[in-house]
Amino acid sequence: MKIAKKLAYVMCGGDLSEAALVSEQYLLDIEREAFLSLTGEKKTLERIQSVLKGGKPVRN
């Protein structure tokens, strides 16, 4: 659910108060922001550690 919300946020152009044209750089910036916020999550770190140690992803 959390990943889906982040993805929807990026695909919809972030927090815009009204319809507006945005630059590609703006979209890349909010995509990067969403990705970095997800990498700080405990479950994400557990998945990364599992792959690095055992080669198998954890389903948490």
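Val-22 is partly exposed in the predicted model, with a relative accessible area of 33%. This residue is found in the loop that lies between helix H1 (2-11) and helix H2 (24-39). Together with Leu-16 and Leu-27, Val-22 forms a nonpolar patch on the surface, and the three residues contribute about 200 Å² of accessible area together. For the protein chain as a whole, the accessible surface comes to about 5,200 Å², and carbon and sulfur atoms account for 61% of this area.

The secondary structure of the protein chain consists of 3 helices and 0 strands, arranged along the sequence in the pattern α-α-α. Confidence in the prediction was examined for the chain and for its elements. The mean pLDDT of the protein chain is 91, and 98% of the residues reach 70 or more. Among the elements, H2 has the highest mean pLDDT (96), whereas helix H3 (residues 42-54) has the lowest (90).

The C-alpha trace spans about 45 × 20 × 15 Å along its principal axes. The radius of gyration of the protein chain is 15 Å, whereas a compact globule of 60 residues would have a value near 10 Å. Of the 60 residues, 13% count as buried. Among contacts in the protein chain with a separation of 6 or more, 23% are accounted for by residues 24 or more positions apart.

When residues up to four places away in sequence are not counted, Thr-44 touches Leu-38 and Thr-39. Ser-50 is also found in helix H3, and its relative accessible area of 17% likewise places Ser-50 in the buried class. Leaving aside neighbours within four places in sequence, the contacts of Ser-50 are with Gly-55, Lys-56, Pro-57 and Val-58.

Side chains of opposite charge can pair when their charged atoms come close. A search of the whole structure finds 3 salt bridges. In one of them, Lys-2 is paired with Glu-41, with the closest N and O atoms 3.2 Å apart. Because Lys-2 lies in helix H1 and Glu-41 in the loop between H2 and H3, this pair ties together parts that are 39 residues apart in sequence. Both partners are partly exposed, Lys-2 with a relative accessible area of 45% and Glu-41 at 30% relative accessibility.

A further salt bridge joins Arg-32 to Asp-29, and here the closest N and O atoms are 3.1 Å apart. Arg-32 and Asp-29 are 3 residues apart in helix H2, so about one helical turn separates them. Arg-32 is partly exposed, with a relative accessible area of 45%, and Asp-29 counts as partly exposed at 34% relative accessibility.

The side chains of Glu-46 and Lys-42 also meet in a salt bridge, with an N to O distance of 3.9 Å. Both residues lie in helix H3, where Glu-46 and Lys-42 are 4 residues apart, about one turn of the helix. Glu-46 counts as partly exposed at 32% relative accessibility, whereas Lys-42, at 63%, counts as exposed.

Definitions and conventions
Residues numbered from 1 in each chain as written. Predicted model: local features only at pLDDT ≥ 70, side-chain atom pairs only at ≥ 80, totals over all residues. Heavy atoms only, no water. Patch = residues over 30% accessible without salt bridge, like charges linked within 9 Å, V, L, I, M, F, W, Y side chains within 5 Å. Areas by Shrake-Rupley, 256 points an atom, 1.4 Å probe, with all protein chains shown as cover. Salt bridge = Lys/Arg side-chain N within 4 Å of Asp/Glu carboxyl O. Helix = DSSP H or I, 4+ residues; strand = E, 2+ residues; numbered from the N terminus. Buried < 20%, exposed > 50% of the residue type's maximum accessible area, 1.4 Å probe, protein only. pLDDT = per-residue confidence, 0-100. Rg over C-alpha atoms; globule rule 2.2 N^0.38 Å. Contact = heavy atoms within 4.5 Å.
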